[in-house]
Amino acid sequence: MSYSLKSSVSVTPVKNANGAHWWNVFKKKRNEKMWSGVHPDLRTKLEAVFDMMAQRGFDMRPMEGMRSDARQAALLASNSGVTSVGAGMSCHNHGYAVDSVMHVDGKPTWDMNDPHVREGYMLFGEMVEAVGLDWGGSWVSFKDYPHVEMKSQCHVAIRAKRSGRKAPVMIADSSQISPDVILSAFAYQPMGEICPFDSPCEEKIYLAAQICPVPTTQLWAMYQPIYLMKFKWA
């Protein structure tokens, strides 16, 4: 990426905090159809990102995952700028891409001139890259902020389709680190700053999670007394 996302992202709570959390808790089942055909690792990582963003007051929701070849061809023919590739050539056609969208007052928005919306998409990009996904907002020629994909796996699937072979079976990787652990570094901190990667506080949070894994929502509650005691006696 040609710019630093960390410098552009604050931890100031924004509107929709309660609404975002409510949506993540009670409406996930409504997206079961949207997740159909999407790689399980992509879903697991994105849902963890959505949950953490909700804690930070941003309402990000999945919009489109698996896309048929017919829809891909129609999007290309529309010249709408949504895609520049034909049927079978998009990661969406193979289940390795998902488009997500920021919501304000329950309505989707792509208005990057709105500071709240832009901050949300920037935070989204930093989080998805932290969990090992490829973000369209970091592309050089075209910025696709809602787009996230598993690039290397997608390319394997596309090459298989072009050569008439079957694509690899989608299986969840049980050996990967939980995205909740990785995203714990983005939780609120008492000093009003993100606990950055490779910093002492991030290392302690990671160590605590490794010793006693807990959901991200509980991780800071477990670590907070240790953190506050450090400042009390400093």
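A residue is buried when its relative accessible area is under 20% and exposed when over 50%, with partly exposed in between (1.4 Å probe, protein chains only). This is a predicted model: local features need pLDDT of at least 70, side-chain atom pairs count only at pLDDT 80 or more, and totals for chains, interfaces and linings use all residues. Residues are numbered from 1 along each chain as its sequence is written, and side-chain values use heavy atoms, without hydrogens and water.

Five of the six residues in β1 are buried. β1 pairs with strand β2, residues 97–104, in the antiparallel sense over five bridges; pairing takes at least two DSSP bridges. Met60 has Met102 of β2 as its bridge partner.

Now go to helix α6, residues 151–162. Cys154, Ala157, Ile158 and Ala160 are buried there. Seen down the axis, the buried residues of α6 fall within an arc of 160 degrees (taken from the directions from the helix axis to the C-beta atoms), so they line one face of the helix. On the other side, Arg159 and Arg162 are exposed. Just after α6, Gly164 takes a positive phi of about 80 degrees.

α6 also supplies four residues, the largest share, to the lining of the largest pocket. β1, α4 (69–77), β4 (134–135) and β5 (147–149) are among the elements that each supply at least two.

Notes. Expected span 1.5 Å × (residues − 1).
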